[in-house]
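Hi everyone, thanks for coming. Let me put the structure up on the screen, and then we'll walk through a few spots together.

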Amino acid sequence: MAWVVLFVAGLFEIGWAVALKYTEGFTRLWPTVGAAVSMVLSLGLLGVALRTLPLGTAYAIWTGVGTIGTVLLGIALFGESASALRLACVGLILAGIVGLKLVTN
């Protein structure tokens, strides 16, 4: 169950990162509120997952999920580069996440 909680925490990390882009420097109320709520939920769920998961593994996976999701949404929503090299780097992050999950009890 801790792995599911950690994954959801990573999804909320994606949420606050994307919402942060829409805040336009914290000048727009609702995106700012959404970013703040997502941050609190993300960190709170990470804390719950850390009750049973190793710190290094959980933190690396949490940031990895957030990074991959944010990069993919940056491509989809903001027209950021989807070059082969950039996507290969995302693949390396994914491989690291899978590897950490496989070697952690």
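Okay, one term before we start: buried means under 20% relative accessible area, exposed means over 50%, and partly exposed is in between, using a 1.4 Å probe and protein chains only. Also, this is a predicted model, where local features need pLDDT of at least 70 and side-chain atom pairs count only at pLDDT 80 or more, while totals for chains, interfaces and linings use all residues. Residues are numbered from 1 along each chain as its sequence is written, and side-chain values use heavy atoms, with hydrogens and water left out.

Let's begin with helix α1. Helices here are DSSP runs of H or I with at least four residues, strands are runs of E with at least two, and both are numbered from the N terminus. Helix α1 covers residues 2-22, so 21 residues, and from its first C-alpha to its last it reaches 30 Å. That's close to the 30 Å expected at 1.5 Å a residue, where the expected span is 1.5 Å times one less than the number of residues.

Which residues of α1 are buried? They're A2, V5, L6, A9, G10, E13, I14, V18 and A19. These buried residues pack against α2 and α3, the latter being 55-78.

Now over to helix α2, where we find S38. S38 counts as buried because its relative accessibility is 11%. What does S38 touch, leaving aside neighbours within four places in sequence? F12, G15 and W16 are in contact with S38, and contact means heavy atoms within 4.5 Å.

V33 also sits in α2, residues 29-49, but V33 counts as partly exposed because its relative accessibility is 33%.

Last topic: charges. Side chains of opposite charge can pair when their charged atoms come close. A salt bridge here is a side-chain nitrogen of Lys or Arg within 4 Å of a carboxyl oxygen of Asp or Glu. How many salt bridges does the structure hold? There are 2.

One joins the side chains of R28 and E24, at 3.9 Å, N to O. R28 is partly exposed, since its relative accessibility is 36%, while E24 counts as exposed because it's at 52%.
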